[in-house]
Amino acid sequence: MAIRFNEPFLTGHERANLDAVFASGHFAGNGPFTKRAHAQLQARTGAHHALLTHSCTGALELAAMLLDLAPGDEVLMPSFTFVSTATAFMRTGATVRFCEIDPATMTLDVADAARRLTPRTKAIVPVHYAGVGADMAGVLALARAHGLAVVEDAAQGLDAARDGQALGTFAPLAALSFHETKNIHCGLGGALLINDEALFDRAEDMWERGTDRSKMFKGLVDKYSWVSPGSSFYPSELQAAFLSAQLQAVDENSLRRKAIWARYAAGLADLAAAGLLTLPQVPADARTNGHAFFILLPTVARADLLRETLHAQGIQLTIHYVPLHTSKMGAELGYAPDDLPVTRSAAERLLRLPLHFNLTDADVDQVVAAIGRFLRPGVAA
Ligand SMILES: Cc1ncc(COP(=O)(O)O)c(C=O)c1O
């Protein structure tokens with residue numbers, strides 16, 4: 001039986017919520033299920049406000065708009081991230097400055113970010129990778145010292161924490177993803193978490209296509225009109241209804257994913273001790289949501305061969321994030337692949353293992369055994 005890298009999570013309660021949308025006749029968005037999902041996200045994370053978006057990309061774009069960035073401004077972020085982290089900020093005319101990561105967690109190396117500060121640096125965007133939080137204490141200290149805005153890219157961060165605090169609530173703004181590859185999803189979806197009360201009014205207007213329509217619904221204005229820049233950022237009620245069902249199952253989802261994560265870590269510990277691969281590290285104050293499990297191979301050639309060998313056995317291992325500075329766009333921005341050597345080396349040697357709610361313990365053991373056979377040929381698993 002093939003072992004797939006991802007299978008989208010389903011709770012079995014999504015259809016009842018979709019039927020409720022049909023019964024209500026309210027399909028377009030910003031309706032009862034959107035409000036319910038906002039409340040669920042606020043309760044889950046402790047964020048002051050949540051606004052559902054059509055994607056995490058949309059949430060990052062809304063965050064970038066709120067920062068009022070202009071051409072010439074610079075934004076620090078890791079090169080090891082998804083393209084949307086960069087494109088969202090580039091749309092404002094700002095310049096992105098890529099930083100190194102700490103390969104133990106694959107999250108932002110704050111000391112490296114500090115070295116890349118210039119008088120034009122206006123913002124910093126840490127990315128929480130694989131459900132493990134970036135060094136937010138370090139990021140916030142740097143931001144305070146230099147007057148930088150902070151946006152957390154928490155695409156993979158729902159239900160994870162550092163120092164007992166939910167990811168997505170450290171910075172004034174944070175973006176979540178509900179793409180089907182995430183723990184909890186609605187096909188495509190996202191949310192902006194707003195933790196600074198002063199930003200909420202403008203955020204809500206921008207979210208409502210640059211109008212004060214939400215304020216009309218609250219009885220604060222008689223007629224709605226154009227009040228700010230904006231876009232059509234929110235999803236339909238169908239997606240909100242689907243997501244709302246999923247949000248009720250966050251605990252169940254995280255529990256299973258964390259068990260799979262721990263089984264991989266235990267199963268591969270001997271290979272790591274023998275120096276044949278490196279396991280991800282979870283900082284002592286971090287609580288993971290079990291989003292992803294990755295290994296680092298000693299060389300790029302070994303990583304490529306392992307991926308191909310297991311693929312031939314029906315086991316899907318995937319690479320993750322071609323570093324942005326090594327991409328075609330990165331070259332157009334003036335980067336050479338060796339400009340960020342730590343990032344390049346780690347990213348090229350990284351493989352993500354299958355991890356989804358439906359994966360059985362036997363599946364995990366099969367993946368571990370296959371990796372063992374590859375790394376230690378001739379040794380019985
Ligand atoms: C770190 C990060 N940011 C942003 C995104 C974009 O998310 P979405 O597909 O919801 O737009 C992703 C997608 O996986 C991601 O990994």
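The ligand is surrounded by 14 residues, the closest being S55, C56, T57, F82 and A155; a residue is near a molecule if its C-beta atom, placed from the backbone, lies within 6 Å of it. This is a predicted model, in which local features need pLDDT of at least 70, side-chain atom pairs count only at pLDDT 80 or more, and totals for chains, interfaces and linings use all residues. Residues are numbered from 1 along each chain as its sequence is written.

**Ligand shell**
- Helix 3 (56-66) and helix 4 (83-90) each give at least two residues to the shell around the ligand; helices are DSSP runs (H or I, at least four residues), numbered from the N terminus.
- The shell holds 4 nonpolar, 9 polar and 1 charged residues.
- Ala, Val, Leu, Ile, Met, Phe, Trp, Tyr, Cys and Pro count as nonpolar, Asp, Glu, Lys and Arg as charged, and the others, Gly among them, as polar.

**Helix 3 and helix 7**
- The axes of helix 3 and helix 7 (residues 197-207) come within 10 Å and cross at roughly 125°; axes are lines fitted to C-alpha atoms over the stretch in contact, with angles from 0 to 180 degrees between N-to-C directions.
- L62, M65 and L66 of helix 3 meet L199, R202, A203, M206 and W207 of helix 7; contact means C-beta atoms, placed from the backbone, within 7 Å.
- The residues of this contact are 7 nonpolar, no polar and 1 charged.

**K258**
- K258 lies in helix 10 (residues 250-273).
- Leaving aside neighbours within four places in sequence, K258 is in contact with T288 and G290.
- K258 and A346 are 88 residues apart in sequence and 24 Å apart in space, C-alpha to C-alpha.

Key
Contact = placed C-beta atoms within 7 Å.
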